[in-house]
Amino acid sequence: MTSPFEVLAIEPGVTEAEVVEAYRERVKEVHPDQGGSVKQFRAVKEAYEELMEMDLEEGDFEDLEHVEEDPDEDGTRVEYLNYEVLDDYGWDLEDDDLFERAAEADLHPPDYGEVLVESDQFLLGSTESCGLTWPFSCRGGACANCAILVKSGEISIPANHILPEEMVERDIYLSCVGEPLSDELQVVYNVKHLPELEELRLPPGPFKAVADD
C-alpha cells in the first residue's frame with residue numbers, strides 16, 4: 001500500500017500548486033513513451049486525482065485512503081466506433097457527442113461496441129482477441145493503416161515511426177502499438193480513410209487483404 005503523497009514524491013501539507021507541479025514532473029517520468037509503464041502512469045494519475053479532491057489548505061490527511069501500487073488490474077474499457085458508418089448517419093468526426101449518438105443508434109459490432117483491453121496490451125491485438133478485424137498492415141508502427149482517433153481517454157504509442165507530431169496532437173494514434181493509459185477509452189477506428197493519412201498507408205499484403213479492406 002502506497003500513499004498518494006509517496007506516489008507523487010511529496011510531503012503532506014503541500015499546497016494545491018505544489019501537487020500540480022509534482023504531478024507534471026512525475027507523469028513525465030513514468031509515461032510509457034519515456035520508459036515507464038502503464039501501471040506506473042495510472043498510479044500517478046490516480047494519486048493526483050485523489051489529492052485534488054481533498055481540501056489541501058486544511059492539512060488533515062490522516063484518514064486519506066491509500067492507493068494500490070498495482071491499480072486497475074482488470075484493464076481498460078474501450079468503446080469503439082467504425083469511421084465508415086459516420087456518413088450513413090450524417091455524423092461529423094469532430095462532434096463532441098459522437099459516442100452518445102452511437103449508443104442511441106441501432107449499431108452493433110463490429111461497427112460499435114465495447115472491448116476490455118488488459119494492462120500492458122496493445123489495442124489492436126486485444127480487439128482481435130475479441131473477434132474484431134480492425135484494419136492493419138505492418139503491426140510495427142510504420143504505417144497508418146491501423147490509425148484511430150481517440151475521442152476520450154489517453155493512449156501511448158511508444159513505437160510510432162510514421163505519424164507526424166501534428167497528427168498526434170489531433171489525437172490520431174496507431175492501434176497496433178497503442179497502449180491504453182486511462183480506465184476508459186473512446187476511439188473511432190478505420191480513420192485510415194482520412195485524406196491526410198493517405199500517403200502514410202501501406203497497400204494490403206497478400207496475407208492482410210481481409211483485415212485491410
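How far apart are the end C-alpha atoms of helix α3, and what should its 15 residues span at 1.5 Å a residue? In this predicted model, helix α3 covers residues 38-52, and its end C-alpha atoms are 21 Å apart, which agrees with the 21 Å that it should span. The expected span is 1.5 Å times one less than the number of residues in the helix. Helices here are DSSP runs of H or I with at least four residues, strands are runs of E with at least two, and both are numbered from the N terminus.

Residues are numbered from 1 along each chain as its sequence is written, and side-chain values use heavy atoms, with hydrogens and water left out. Because the model is predicted, local features need pLDDT of at least 70 and side-chain atom pairs count only at pLDDT 80 or more, while totals for chains, interfaces and linings use all residues.

The chain holds seven helices and seven strands, and along the sequence they follow the pattern α-α-α-β-α-α-β-α-β-β-α-β-β-β. Of its 213 residues, 47% are buried, where buried means under 20% relative accessible area, exposed means over 50% and partly exposed lies in between (1.4 Å probe, protein chains only).

Confidence is given by pLDDT, the predictor's confidence in each residue on a scale from 0 to 100. The mean pLDDT of the chain is 83, and 84% of the residues reach 70 or more.

Back at helix α3, the buried residues are Val38, Phe41, Arg42, Ala43, Val44, Ala47, Tyr48, Glu50 and Leu51. Their cover includes α1 (4-8), α2 (16-30), β1 (76-82) and β6 (179-180). Strand β1 is itself mostly covered, with six of its seven residues buried. On the question of pairing, which requires that DSSP find at least two bridges between two strands, β1 has two partners to look at. With strand β2 (residues 112-117) it pairs in the antiparallel sense over six bridges, and there Val78 has Val115 as its bridge partner. With β7, strand β1 runs parallel, and six bridges join them; Glu79 has Gln186 in β7 as its bridge partner.

The whole structure contains five aromatic pairs. Rings of Phe, Tyr and Trp (its six-membered ring) pair if their centres lie within 6.5 Å, and planes under 30 degrees apart count as stacked, over 60 as edge-to-face and the rest as tilted. One of the pairs is Tyr23 with Tyr48, which is stacked at 4.1 Å centre to centre with 20° between the planes. This pair links distant parts of the chain, since Tyr23 belongs to helix α2 and Tyr48 to helix α3, 25 residues apart. Both tyrosines, Tyr23 and Tyr48, are buried. Trp134 and Tyr189 are also stacked, because their ring centres are 4.5 Å apart and their planes lie at 5°. Trp134 sits in the loop between α6 (123-129) and β3 (147-152) and Tyr189 in strand β7 (residues 184-189), so the pair ties together parts that are 55 residues apart in sequence. Trp134 is buried at 2% relative accessible area, and Tyr189 counts as buried at 4%. Together with Tyr80, Trp134 and Tyr189 form one aromatic cluster.

A charge is counted over a ring if NZ of Lys or CZ of Arg is within 6 Å of the ring centre and within 35 degrees of the ring normal. Arg139 lies over the face of Phe136 in this way, at 4.2 Å from the ring centre.

Some backbone details deserve a look on screen. The peptide bond from Pro109 to Pro110 is cis, with omega near 10°, and Pro110 is found in the loop between α5 (98-104) and β2. Ala9 is not a glycine, yet has a positive phi of about 60°; Ala9 lies in the loop between α1 and α2 and counts as exposed at 62% relative accessibility. Asp171, likewise not a glycine, has a positive phi of about 70°. The place of Asp171 is the loop between α7 (165-169) and β5 (172-174), and with a relative accessible area of 34%, Asp171 is partly exposed.

Technical notes. Contact = heavy atoms within 4.5 Å.
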